[in-house]
Amino acid sequence: MDKIVIEGGRRLEGSTRINGAKNAALPIMAACLLLHGPSRIRGVPNIVDIETQSEILKNLGGEIKRHEDGTLEIGFRDGENEGKFTAPYELVSKMRASICVLGPLLSKRRKAKVSYPGGCIIGQRPIDLHIKGLKALGAQIETTEGYITASVERLKGAEISLMGQYGITVLGTCNVMTAAVLAEGTTIIEHAACEPEVQDLANFLNKAGAKITGIGESRLTIEGVQELHGVDYEIIPDRIEAGTFMIAGAITRGDIALENVKVEHLSAVIDKLREIGVEVTPVGNSVRVKGNSSYHPVDLTTLPYPGMPTDMQAQFMALLCTVEGKSVITEKVFPDRFIHSPELQRMGADIRVEGSCAIVSGTPFLSGTNVMVSDLRAGAGLVLAGLVAQGTTHVHRIYHLDRGYERLEKRLTDLGAVIKRIHD
Ligand code: EPU
């Protein structure tokens with residue numbers, strides 16, 4: 001298993017380019033199951049989750065070619081793959097996002113058998129809302145032997161609310177939307193997720209011939225169409241990758257520029273960084289982040305978009321561990337998503353977790369040690385802490401990081417970090 005070794009204390013300087021969004025690319029790839037003819041999807045990051053999604057789609061008859069420049073060609077031959085409707089445990093267990101083939105399979109092939117994704121280290125991740133939405137469209141769904149088996153004669157438009165106990169659902173909205181685009185009649189989704197990645201999927205589908213209105217609002221209207229065609233589409237920049245690099249600049253009190261950023265997707269992150277005292281200057285499609293030595297503690301609550309993304313919580317926690325005073329982090333999306341805090345404590349951080357809150361008291365310094373990654377964003381938080389820690393930090397189980405960040409250590413090295421990957 002590979003590990004990352006960081007010599008902390010280097011101030012980051014320079015610029016890096018942000019990749020296309022993983023969480024937009026994954027459902028868009030799945031939506032290609034719906035299209036007649038091949039598509040070109042541009043700006044797809046070269047990461048393990050994209051490879052896994054490619055494997056799942058190949059298993060379903062997909063012909064997929066990746067180009068050096070990050071363009072993915074994806075196509076399915078009509079009429080040749082009707083008997084392929086299974087996403088097996090071996091692949092689904094690698095990545096929860098594979099659940100987003102459920103809606104497209106059901107819509108296009110009238111049948112889907114997808115392994116139940118199960119729990120997850122970041123907390124409970126039920127799929128009741130996905131199932132509720134697809135059932136409202138007329139699907140018969142049962143869960144047996146660890147698989148969700150769904151079938152339908154013809155999906156029919158309906159009015160559906162996707163509000164759950166913890167608020168809205170991102171991939172649940174994607175699943176119901178992709179099922180509804182070829183359904184008979186009109187579907188209205190109330191309490192739809194407004195995340196930029198959901199908007200990107202809707203824009204992709206509209207380019208392919210779908211009729212979706214209300215994109216970016218909590219009420220989506222989808223008028224079913226007969227057929228969708230292949231398209232050429234550029235994925236939005238990854239706001240979480242951008243936010244992670246912004247904190248790398250801030251935590252090292254550095255001065256870095258990020259290219260290919262959609263600043264409007266990062267308002268909550270930028271506002272919070274400014275409240276902490278970080279200088280953030282957007283210029284067109286890029287943003288400059290300049291750190292300094294007088295930061296203030298803040299309170300932060302994760303919420304659905306346009307609120308603070310839960311996928312930035314661990315990175316902010318790492319930063320706040322280095323800021324004198326008391327900060328309170330409240331996790332409203334995944335209330336148990338604090339697995340990174342004991343690892344940060346191993347580095348000398350002062351964090352007390354009480355239910356869905358973490359109280360972080362800044363310490364004069366963090367010190368390098370062995371830490372273990374439990375999930376993708378927890379890993380990002382630990383690498384950020386390692387960048388500023390005194391001494392050497394060994395970050396283990398970095399396969400989680402490889403799922404979502406392309407060449408992270410190489411890009412941080414280019415910005416002046418002393419960081420390397422070791423094949424253990
Ligand atoms: N929920 C339900 N029922 C459902 C679905 C969700 O109660 O049927 C609950 C969840 O337990 C959670 C909340 O609703 O408390 C939100 O979950 P959501 O469904 O929105 O999460 P997701 O769609 O499975 C996506 C991202 C996650 C990101 C969340 C929240 C992808 C591939 N994944 O997951 O990204 O944290 O939205 O924004 O888009 C990551 O990239 O590291 C990552 C975990």
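A: We begin with the term contact, which means heavy atoms within 4.5 Å. The model shown here is predicted.

Q: Which residues does S286 touch, not counting residues up to four places away in sequence?
A: With those close sequence positions left out, S286 touches L258, E259, V263 and T281.

Q: In which strand is the place of S286?
A: S286 belongs to strand β19, which covers residues 286-290.

Q: Does S286 count as buried or exposed?
A: The general idea is a threshold: buried means under 20% relative accessible area. S286 has a relative accessibility of 15%, and therefore counts as buried.

Q: Into which domains is the chain divided?
A: There are domain 1 (2-19 + 237-423) and domain 2 (22-234). Their C-alpha centres lie 30 Å apart. As to the contacts between them, 23 residues of domain 1 meet 21 residues of domain 2.

Q: Which residues come nearest to the ligand?
A: A residue is assigned to the surroundings of a molecule if one of its heavy atoms lies within 4 Å of it. Here 23 residues are around the ligand, and D128, T169, L171, D311 and V333 come nearest.

Q: Which helices supply at least two residues of the shell?
A: These are α1 (22-31), α5 (128-136), α6 (170-180) and α12 (376-388). The largest share comes from α5, with three residues. In terms of domains, domain 1 and domain 2 each contribute at least three residues to the shell around the ligand.

Q: Which side chains have an N or O atom listed against an oxygen atom of the ligand?
A: For a polar contact, one looks for a pair of N or O atoms within 3.5 Å. In the side chain of N23, an N or O atom is 3.0 Å from a ligand oxygen; for R125, the corresponding distance to a ligand oxygen is 2.9 Å. D128 places a polar side-chain atom 2.8 Å from a nitrogen atom of the ligand.

Q: How much of the ligand's accessible area does the protein cover?
A: On its own the ligand has 830 Å² of accessible area, of which the protein covers 93%.

Terms used. Residues numbered from 1 in each chain as written. Predicted model: local features only at pLDDT ≥ 70, side-chain atom pairs only at ≥ 80, totals over all residues. Heavy atoms only, no water. Helix = DSSP H or I, 4+ residues; strand = E, 2+ residues; numbered from the N terminus. Buried < 20%, exposed > 50% of the residue type's maximum accessible area, 1.4 Å probe, protein only. Polar contact = N/O pair within 3.5 Å; in protein donor to acceptor, adjacent residues only side chain to side chain. Areas by Shrake-Rupley, 256 points an atom, 1.4 Å probe, with all protein chains shown as cover. Domains from an automatic or database assignment.
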